4 protein chains.
Amino acid sequence: MKKGVMRPGHVQIRVLDMDEAVKHYVDLLGLIEMDRDDQGRVYLKGWTEVDKFSVVLREADEAGMDFMGFKCLSEEVVDSLRAELVAFGCEVEDIPAGDLKDCGRRVRFVAPTGHAFELFATKEQTGKWGVGNHNPEAWPRGLKGMQATRFDHCLLYGPNLDRTLELFRDVLGFDLAEQVMTPDGKRVGQFLTASMKAHDVAFIDHPEPGKFHHASFFLETWNDVLKAADLISMTDTSIDIGPTRHGLTHGQTIYFFDPSGNRNEVFCGGDYHYPDHEPVTWDAGELGKAIFYHDRQLNERFLSVLT
Amino acid sequence: MKKGVMRPGHVQIRVLDMDEAVKHYVDLLGLIEMDRDDQGRVYLKGWTEVDKFSVVLREADEAGMDFMGFKCLSEEVVDSLRAELVAFGCEVEDIPAGDLKDCGRRVRFVAPTGHAFELFATKEQTGKWGVGNHNPEAWPRGLKGMQATRFDHCLLYGPNLDRTLELFRDVLGFDLAEQVMTPDGKRVGQFLTASMKAHDVAFIDHPEPGKFHHASFFLETWNDVLKAADLISMTDTSIDIGPTRHGLTHGQTIYFFDPSGNRNEVFCGGDYHYPDHEPVTWDAGELGKAIFYHDRQLNERFLSVLT
Amino acid sequence: MKKGVMRPGHVQIRVLDMDEAVKHYVDLLGLIEMDRDDQGRVYLKGWTEVDKFSVVLREADEAGMDFMGFKCLSEEVVDSLRAELVAFGCEVEDIPAGDLKDCGRRVRFVAPTGHAFELFATKEQTGKWGVGNHNPEAWPRGLKGMQATRFDHCLLYGPNLDRTLELFRDVLGFDLAEQVMTPDGKRVGQFLTASMKAHDVAFIDHPEPGKFHHASFFLETWNDVLKAADLISMTDTSIDIGPTRHGLTHGQTIYFFDPSGNRNEVFCGGDYHYPDHEPVTWDAGELGKAIFYHDRQLNERFLSVLT
Amino acid sequence: MKKGVMRPGHVQIRVLDMDEAVKHYVDLLGLIEMDRDDQGRVYLKGWTEVDKFSVVLREADEAGMDFMGFKCLSEEVVDSLRAELVAFGCEVEDIPAGDLKDCGRRVRFVAPTGHAFELFATKEQTGKWGVGNHNPEAWPRGLKGMQATRFDHCLLYGPNLDRTLELFRDVLGFDLAEQVMTPDGKRVGQFLTASMKAHDVAFIDHPEPGKFHHASFFLETWNDVLKAADLISMTDTSIDIGPTRHGLTHGQTIYFFDPSGNRNEVFCGGDYHYPDHEPVTWDAGELGKAIFYHDRQLNERFLSVLT
């Protein structure tokens, strides 16, 4: 949080059928439906999140990610970073308060990888769902499905990783927590964090810009990963891989798909990062183990991404 | 235990290189080396096992299982079951005490699936390793690797499952805990138990007799399955599949290979069985989910077995 | 199961207020309400149990246990054991089929400790709740509270432990799995099993006959024990002790009270027993550690029991 | 990390007998001995910590904490915060580089609670023990005992909580994550964090200044808390309370004592905090539940602290 960017604040995901999508994200992942807007968008959050929402579903003809937003410490931070983004050469779009319901103004920019990101500082706070912050119980009763605790990060595919690292590190104050390097010194994977988490956003080198690999949600324990895997089977949900562990970040994970084909991850555990830590480096020759620590090889699907 | 057969008492496994095998079963699985004999065989056990050994490694030119032995309540039980085996039509071989070190006489027979089994009642008891039975601590210090607690069961491939069921059920007093049935009523998988465990031995229908799929060892928790998977990667051990759950028995599992190509399983959890329980039935059309509950499809390797 | 007694089949518990009790056992413990009878008794079970019920609640002026019943392999076993009980000197009472709804005839006797036990062989089987036995999912959706999987055992206080051991071992075919011995060789605690479980019923030496310490229910994991403890707090339920581990059996446990003052246990893990295992012996001087392995001392409440 | 303070960097603990202390912190907690200095001090760390050490043991006649140090982003941050500390009215002591082996200069100050704290920015980095940061395995082999992953925080007792909050919040940039408030609005407990962790240092109101309640170390899972509790018993280590959960922060925990009487905590889990989160507030009337969530009452020992 060197420059006032705190965390991933929201992701807007395109879905082909809203009813099916809500069933997936609410009944299976266990996100809480918090609101809908007059465009038909549905606002969700994990139960530990203090802000009103972190996931926005938008019905569209094509699946994928519209944008990912980061919450900043203050409006002043947003102003200051906006200026730095412009100086860096980013085109910046100002989106007025209220465009996302109960969310303040946002500053949108496109990273060199082709993905749309946003900065914002103001969003209604409804508190941790079901427990609040006054003598709070350990967890709320009535959670559904996988009981996802929070939206955690996105993994995105696109070109220009070096320039994107400069943007996130130098302009936005992120740290490079982990990286994948080819023998000739090209960075083909970079995991970036604004806090102690092993990643708030991660990028894999890919020739096409703006590709969406997955949105990830945090679970409490490896037992919860098992139950998530069980629920994936019980609900005939399409699985990608897992339960397994990543080499990168060492999180314990499972990948699966929403009914529109968007990949989701639920995971637990994983390493922590502080700004004085050297980046963890994985050799590209060990990419299989870096991604799927137990199988030590990529499945074909890992390389498939959405527009 | 309707007719006095208590549990799997031992399995003799052929390995191509004894030093590598001992390293695998002791350092990685965490079995305890208990003894060696003048034939060069190595005797191992899991730490919770009271008998002196449960796994015997024999160096040979070809991997696979020599035989699996069941421990009976008494020598009288062995006598009585020997007579019933003969009446059933089994060829029976009497192996004198001492052929396996510190083990009493064994009665060997070949099941219609082509596998060699044994009954015995006498083996030296050395007690639970490292804790004993006087004010025992919860677990011993100094365990290695996966800390396997016991030899649990074998999965075997061969023909004549119906006749083999008759042998185990009617002669030896096992229960049919779980089965896989084709639409036309053929049993192509059968999981048999002499106690509360979901399986003490299991068979999959296969045209060739006497095939060995895996020997299985019990772990305490799903966290131990994760650590086992981690150790498989750390030691560059060949993995088959997992961590995952089985549909059959619902155990949480990982499959991997010893240096000779013998498949091992370590698992935890799983259902329990009592003699008044109807068998659990899986449709052969659901075999993928029955075997690998999360992926819901067999990997190609599952069908590979050793002579 | 040397003589055909399979397992604890039911326990009838007296409660002061049925509505409160049902709320406790169903909403908190997660037992399933299966039926009620015209005496107002409520029939419950854990979701993994195949028989229709295992817990019977009866409203009365005083809390405690009415009786505990063991299920036998067959009616012939019940007949044979009935004769042996009479020969042993037990007064035996024949209770006709239907006295407990959908349960066959029962043979009731009083052990030397003053507790009423029953043998029966017939009870309606409704299968595992929510999953059945045809392509069964790993667990049913819709479980409540602690999600107790089964009624496991009772711990009872009373005199005459030696004679009671003779009854359970020699007449009923139980094994002595664990015992607590004073320096002068008096057995002051005995844990008895008819199967692989570390205990199906346990006794602590106590001058007054027929005392009820607790009925115990099985959970799947140590994480479930944590969540059970959380739920105890969230519902303002009276806790006794835990989460902790027992030295005896090494199970991981928590004790608490139902609204009538009956002590409940939920636990997971623990050792297994086979008939050829020597009993585990704890010295009475180590009783604190034997009961509560971490605190290594008894709390005062442990000695409190109900009539 | 609003003002460049990253994390707890070290704690110096006084012990009565160094050999016993090293045995406790290395063999039981599983910290790694990294070095010793010519004063006889012993330097330890948890395996995930990148800096060379985080715990310093000093032999003395009285147990307790000498000081706790926070690592800052840069020497410039230390300079700047030094000036602010002086402006705040703190007496500041400059300790030269090398006073702690392989550690840069430190700025020491005494908080209004009477505890000595330090700021520093430079310490030798030896990397994560046994895994490093190049294709790192999930965890190192050869860890001992509880396998503590890092020094996490201290809980301290003393007066002047309001002024201490001003110091940590306004001067050092910490957040107030959780607090305990009396009905008349007095803050009697405050949990402060410089990052996402629920606490980096916490204070309980107490008339005597400079008291030491415990130093806390992080474990990975609730299963590790169980094994830690088991090890406490196996080694006849004095236990305070647990395994249990805290209400404050909701971490899962166990308290015990080193051979000198210093209280240790090992814990896992717990809530996370961001700077835009309102503090969690516990009513002092719920202090029992706030501290020990399951028992819902303080044990007498909780109030005992060291000089």
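C:His250 is buried, with a relative accessible area of 4%; buried here means under 20% relative accessible area, exposed over 50%, and partly exposed in between (1.4 Å probe, protein chains only). This is a predicted model, in which local features need pLDDT of at least 70, side-chain atom pairs count only at pLDDT 80 or more, and totals for chains, interfaces and linings use all residues. Residues are numbered from 1 along each chain as its sequence is written, chains are lettered from A and ligands numbered from 1 in the order in which they are written, and side-chain values use heavy atoms, with hydrogens and water left out.

Let's stay with the histidine for a moment. C:His250 sits in the loop between β14 (239–245) and β15 (252–257) of chain C. Strands and helices are DSSP runs numbered from the N terminus (E, at least two residues, for strands; H or I, at least four, for helices). Leaving aside residues up to four places away in sequence, C:His250 touches B:Pro136, B:Glu137 and B:Ala138, along with C:Arg245, C:Gly270, C:Asp271 and C:Trp282; contact means heavy atoms within 4.5 Å.

Now to a strand in chain B. Four of the five residues of β12 (201–205) are buried. Strand β9 (150–158) of chain B runs parallel to β12(B), joined by five bridges, while β11 (187–193) of chain B runs antiparallel to β12(B), with four bridges. Strands pair if DSSP finds at least two bridges between them. B:Ala202 in β12(B) stands opposite B:Leu155 and also opposite B:Phe191.

Chain A is assigned domain 1 (5–120) and domain 2 (151–304), with bounds from an automatic or database domain assignment. Their contact takes 38 residues from domain 1 of chain A and 44 residues from domain 2 of chain A. The C-alpha centres of these two domains lie 19 Å apart.

Finally, how do the copies relate? A rotation of 180 degrees with 0.0 Å of shift along its axis superposes chain A on chain D (RMSD 0.0 Å), which is the relation of a two-fold axis. The superposition is by least squares on the C-alpha atoms of residues with pLDDT of at least 70 in both. Because 100% of the interface residues of chain A are also interface residues in chain D, the copies meet through the same surface.
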